[in-house]
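Let's take a friendly walk through this structure, starting with the surroundings of one ligand and then moving on to another.

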Amino acid sequence: MNPFEYRRATDVAEAVAAVAERPDAVFLGGGTNLVDHLKLGVTRPGRLVDITRLPLDRVEPLPGGGVRVGANVRNSDLAAEPVIRSRYPVLAQALLSGASGQLRNLATTGGNLLQRTRCVYFQDITTPCNKRMPGSGCAALDGYTRHHAVLGASPQCVAVHPSDMAVALAALDAVVRTHGPAGQRAIPLVEFHRLPGAQPERDTVLDHGELITAVDLPAVPATRRSAYRKVRDRASYAFALVSVAAEVELRDGEISQARIAFGGLAHKPWRAQRAEQVLRGAPATAATFQRAAEAELVGAQPLADNAFKVPLARNTLVSVLTELTELTGATEPTQEDTP
Amino acid sequence: MDADITLTVDGQVRQVRVDTRTTLLDALRDRMGVTAPKKGCDHGQCGSCTVLLNGRRATTCLALAVAHDGAEITTAEGLADGDGAPHPVQRAFLDHDAFQCGYCTPGQICSAVGMLDEARAGHPSAVTTDLVGPVELTDAEIRERMSGNLCRCGAYVNIVAAIQEAAR
Amino acid sequence: MTGLLPARVIGQPLERADGMAKVTGTATYAAEHPVPGLTHLHPVQATIARGRVSAVDTAQAEALDGVIAVLTPANAPRLASTEDPELAVLQSDEVAFRGQVIGAVVATTPEIARHAAGLVQVSYVEQPHDVALRPDRADLYAPDKVNPAFPTDTEQGDVPSALADAAVRLDQTYTTAWYHNNPMEPHATIASWDGGDLTLHDSTQGVTAVRDTVAPVLGVAPERVRVICPHVGGGFGSKGQPHVHLVLAALAAKAVGRPVRLVVTRQQMFALVGYRTPTIQRIRMGADRTGRLTAISVDVVEQTSRIKEFAEQTAVPARMMYAAPHRRTTHRLAALDVPVPSWMRAPGECPGMFGLETAVDEMAAACGLDPIEFRVRNEPERDPETGRPFSSRNLVACLREGARRFGWAHRDPTPRARREAGWLVGTGVAASTYPAGRIAGSSVTIRFGPDRRYQVETAAADLGTGTWTALRQIAADALGVDYAEVDLRIGDTALPPASVAGGSTGIASWGSAVLDAAEAFRDKFGANPSEGDEASGGMPDNPHTERYAMHAFGAQFAEVRVREDTGEIRVSRLLGVFAAGRIVNPRTARSQFIGGMTMGLSMALHEQSVLDQRFGHIVNHDLAEYHIAANADVAELEAHWIDEHDPYVNPLGTKGIGEIGIVGTAAAISNAAHHATGVRVRDLPITLDKFLS
Ligand SMILES: Cc1cc2nc3c(=O)[nH]c(=O)nc-3n(C[C@H](O)[C@H](O)[C@H](O)COP(=O)(O)OP(=O)(O)OC[C@H]3O[C@@H](n4cnc5c(N)ncnc54)[C@H](O)[C@@H]3O)c2cc1C
Ligand code: SF4
Ligand code: FES
Ligand code: FES
């Protein structure tokens with residue numbers, strides 16, 4: 001770990017300036033991803049600007065029924081927030097399925113969105129990686145790819161985004177609020193993370209020095225049902241192989257509205273617009289769900305070790321939709337039904 | 001780069017000089033001689049370093065010490081009362097032999113104490129079906145909530161039994 | 001010795017003597033000993049898998065404030081012996097595997113040492129490496145023996161003809177993954193020299209073995225080396241013998257003239273402190289129409305490192321588990337450019353019984369027999385290969401008792417017949433076994449102290465196994481006094497020597513020596529000793545060793561659920577019944593059994609060190625990627641045992657319990673998964689993709 005200067009910011013503008021003025025400066029949230037990377041040498045900043053004491057730690061109602069989540073709200077606090085549990089269960093469940101209780105007590109909303117891929121080659125500085133060192137090559141492409149992307153990858157990078165929370169936020173049409181050197185922005189979450197393309201080193205559309213201040217959740221009608229389901233290699237404390245965040249509204253046995261996002265499949269939370277299209281206006285039947293899943297996954301391009309993700313994503317989506325629309329008395333949306 | 005910080009550890013206010021790179025875990029273990037929190041992975045992946053940080057369970061290996069200047073920390077050592085009587089969770093761990101090598105144990109115990117508070121406050125977990133209702137601490141709930149503390153000796157079933165007893 | 005030591009304190013479920021220290025975190029582990037003037041070492045590791053270090057530029061590292069020394073093969077002190085290539089650190093510029101130690105930085109703080117290690121620039125002359133374990137390699141060879149001293153191959157009768165004539169035949173290949181022991185406490189050493197005397201605080205399963213191994217490497221007399229280790233944060237074999245870090249710490253401490261601490265990082269543990277070789281097991285069996293085995297053949301292919309041989313005895317349990325007139329076992333090794341494999345909990349039995357017990361399940365089904373009945377039918381009367389009688393063999397009793405407790409009787413054997421709320425449910429069984437052995441070399445001293453208490457001393461280890469408590473219980477009974485009257489000291493070479501805590505031999509070996517010392521003490525001083533009276537004893541030879549086959553047995557039952565749509569797999573119940581001789585402390589013994597079974601579950605569902613053949617390293621080298629079972633993975637799990645009186649194994653009648661719990665677990669789970677789904681998984685781990693089409 002290189003030595004670095006530590007600064008504690010007391011207001012937003014100061015924080016932004018302190019990072020913007022130095023190319024090697026970064027924000028420090030809970031540190032659960034950044035400090036990990038400092039130790040591994042994945043990133044070597046010269047200055048850390050601690051933003052955890054900024055007043056960005058509140059969950060507040062927005063006019064019109066939405067909710068504003070401050071960037072410093074801890075993952076555990078957000079999941080425990082009554083309004084999130086009652087109106088945004090998909091988000092509470094996504095948060096609770098991530099990391100562990102003692103990590104969620106540290107992890108912040110902003111940091112969670114900006115956590116970087118868990119690609120094993122990215123985390124190992126002795127192997128090539130275009131994301132960590134542009135132009136060095138992608139060691140994963142011909143390497144171990146169980147956890148890698150099947151959608152939207154590029155020959156430069158096949159990594160997946162690891163956040164659970166972000167998948168729920170993608171399905172919720174959340175908006176990321178930022179404060180940067182060039183002013184403030186509101187970025188729809190689905191546009192916040194990037195596909196790797198030719199620039200895998202850029203995970204998001206944020207500029208250097210741009211601080212996430214909040215995430216806004218739009219109002220949800222009371223009739224909407226939502227759920228998050230995460231499938232992984234261990235029953236808990238593991239990243240997703242595949243996850244599904246879904247929100248549906250039903251009218252007379254028909255799906256009037258559907259929002260679906262996949263985790264574990266792509267470089268960003270994957271909003272499944274093709275599947276949504278199939279669902280909207282269709283009867284809530286197993287056949288519809290199957291068709292919706294196929295429509296989204298038809299373009300999947302598995303790698304050597306992850307072909308299973310395609311049927312897994314399909315079946316998980318079908319299962320979540322089935323449960324949400326209460327077609328059968330099938331299994332619960334959470335892992336509660338596991339023995 | 002060095003920094004001077006103040007931490008209240010197990011009730012004692014202590015000043016310590018750290019490198020800005022020093023984690024809370026290393027500050028405790030290497031600089032203050034507080035070795036109840038253990039280092040099992042140094043990357044947030046095992047839970048051995050769990051303490052109560054300002055009253056909440058937290059891993060300390062990914063927390064920078066400078067960022068926690070002024071914090072109040074309770075380790076497993078500080079959970080026992082001054083006369084050496086164990087905390088009820090510690091007593092239950094002894095009764096159920098909820099450990100073998102003991103290396104994950106201080107972290108398990110701090111985690112359990114923090115977890116019981118969370119459950120009492122009604123916080124749901126990934127296996128809670130009714131997200132808004134009060135929490136019933138079933139075995140499945142305890143298992144999920146304690147999954148951030150790995151135990152290579154495989155004491156999990158005894159850990160769950162111990163926590164059930166302490167929760168009563 | 002048919003009369004075992006009468007049990008009074010033995011058999012009591014006493015709370016751990018070290019329990020309070022462990023729950024409060026005050027038990028001191030290797031890296032935690034306060035040593036004045038401590039410096040910190042961070043190793044530099046090779047980033048190629050084979051070749052030579054051609055140049056090392058240490059200038060940048062040396063220029064850092066706080067750096068005391070940068071050691072390389074060019075400037076490191078010479079070792080007295082480089083006979084063990086694993087320990088011959090910084091003695092040559094050869095690189096034999098990726099991750100090998102090729103340098104080290106010693107600095108005033110761990111942060112500086114680590115930073116500086118990253119600044120050391122190394123150039124290499126690279127050679128093509130070869131790390132691919134395949135059963136069709138032309139260069140597989142037969143080692144002289146397999147661990148620790150078993151014959152490599154055995155053969156009886158005419159296996160090919162018996163297989164050709166068999167009414168029911170099986171020919172399948174089973175594989176187990178590359179595993180890392182991953183004790184929770186990383187390996188750590190603090191080395192301090194005082195003139196020619198070396199003190200080592202080391203996390204080890206045997207302080208005596210550490211001393212006797214490293215003394216000649218460093219060229220010091222063993223009496224001048226003191227190794228201290230009161231508590232070990234788990235080892236599971238990886239702390240059974242010293243690895244490179246220990247020598248490196250001692251060497252560096254010598255070089256800088258100050259105490260040096262080296263704590264191996266979790267990532268480094270995947271290259272430096274041993275692991276279990278992957279195994280490829282081709283198993284062939286033949287049976288007659290009644291389900292009696294006529295032939296058993298197990299051919300194992302596994303790896304070792306090019307620089308040092310370790311041959312896991314994977315086929316060995318097939319030599320004694322079941323009767324069959326025609327039998328053969330072989331072991332072949334590929335010597336690769338990989339780190340040095342070593343012991344991991346139940347070497348041989350653990351991987352070997354996965355293959356064997358899965359094959360037995362397949363054979364039972366092919367013969368139309370219940371898997372318990374099939375095993376009972378093939379129960380040998382004597383050890384099949386040596387012809388010796390078993391000192392005790394209660395496999396059938398374990399199977400029957402387990403079946404009763406588990407509710408096996410009502411099982412419908414049809415695969416894929418039970419569905420519950422979207423989950424396919426199945427049950428399976430497998431046998432467990434582990435040899436009941438002892439290791440020579442332990443002595444015990446008993447002294448009557450000033451406080452009228454008995455001080456029992458030996459350099460034994462407690463890696464969570466309960467030695468602190470169990471040896472005291474044995475001593476109390478051996479002396480005929482209360483538990484509270486006995487003090488125990490272990491984990492220090494200043495005490496009488498003790499054998500390593502390995503091979504489930506600890507209590508049997510040290511306990512025998514305690515008994516011997518107690519007898520000597522009472523012979524000399526009678527029932528009313530005076531302060532300072534002292535007697536010693538060792539482990540007497542056992543005349544029965546050559547006459548009997550001595551093994552512990554067990555039966556494990558699993559209930560497994562596989563989600564029909566996603567393939568997610570959960571073990572909802574695991575139940576083991578063991579016959580392992582006398583149980584010294586039921587409380588700590590149960591923990592060992594459940595701990596072994598939990599690790600077996602972990603092996604079945606999760607564990608796998610993934611090798612990247614291009615680079616030659618394990619890519620998932622941390623605990624986020626190398627999954628071990630978490631709390632949520634373990635549901636109902638029970639361990640029981642049957643009373644077993646074995647007068648031959650040793651005067652305590654104990655068989656050793658540290659390893660048997662992991663043996664057979666993975667097979668019971670894979671058999672249950674097959675019963676649940678109809679899918680037979682022969683390659684561990686059993687991950688969800690194996691059930692998805
Ligand atoms: C063992 C382990 C398991 C985990 N498992 C999961 C899992 O299953 N699912 C999951 O979703 N996550 C998981 N995580 C990841 C965890 O959720 C993230 O590490 C955490 O959310 C990051 O938050 P933080 O506040 O600690 O971020 P930090 O580490 O402080 O920061 C992360 C990044 O965000 C930047 N940053 C932080 N805040 C802001 C801001 N407000 N504005 C701009 N930039 C900012 C930092 O500069 C840094 O680049 C796991 C982590 C660990 C260690
Ligand atoms: S997949 Fe992306 S992150 Fe992984 S090695 Fe390739 S470029 Fe790096
Ligand atoms: S040491 Fe902190 S989680 Fe492992
Ligand atoms: S008691 Fe040894 S790791 Fe948990």
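The shell around ligand 2 has 10 nonpolar, four polar and one charged residues. Here Ala, Val, Leu, Ile, Met, Phe, Trp, Tyr, Cys and Pro count as nonpolar, Asp, Glu, Lys and Arg as charged, and the others, Gly among them, as polar. In total, 15 residues surround ligand 2, and Cys119(A), Cys129(A), Cys138(A), Cys157(A) and Val158(A) are the closest; a residue is near a molecule if one of its heavy atoms lies within 4 Å of it.

This is a predicted model, in which local features need pLDDT of at least 70, side-chain atom pairs count only at pLDDT 80 or more, and totals for chains, interfaces and linings use all residues. Residues are numbered from 1 along each chain as its sequence is written, chains are lettered from A and ligands numbered from 1 in the order in which they are written, and side-chain values use heavy atoms, with hydrogens and water left out.

Now for ligand 1, which lies between chains A and B. It is surrounded by 36 residues, with Phe27(A), Thr32(A), Leu34(A), Thr108(A) and Asp164(A) the closest. By class, the shell around ligand 1 has 16 nonpolar, 16 polar and four charged residues. Some polar contacts (pairs of N or O atoms within 3.5 Å) are listed here:

| Residue | Atom of the residue | Distance to an oxygen atom of ligand 1 |
|---|---|---|
| Gly29(A) | backbone N or O | 2.7 Å |
| Ala99(A) | polar backbone atom | 3.1 Å |
| Thr108(A) | polar side-chain atom | 2.6 Å |

The protein covers 95% of the 970 Å² of accessible area that ligand 1 has on its own (Shrake-Rupley method, 1.4 Å probe).

Note on methods: A polar contact is a pair of N or O atoms within 3.5 Å; within protein, one must be able to donate a hydrogen and the other to accept it, and residues adjacent in sequence count only if both atoms are side-chain atoms.
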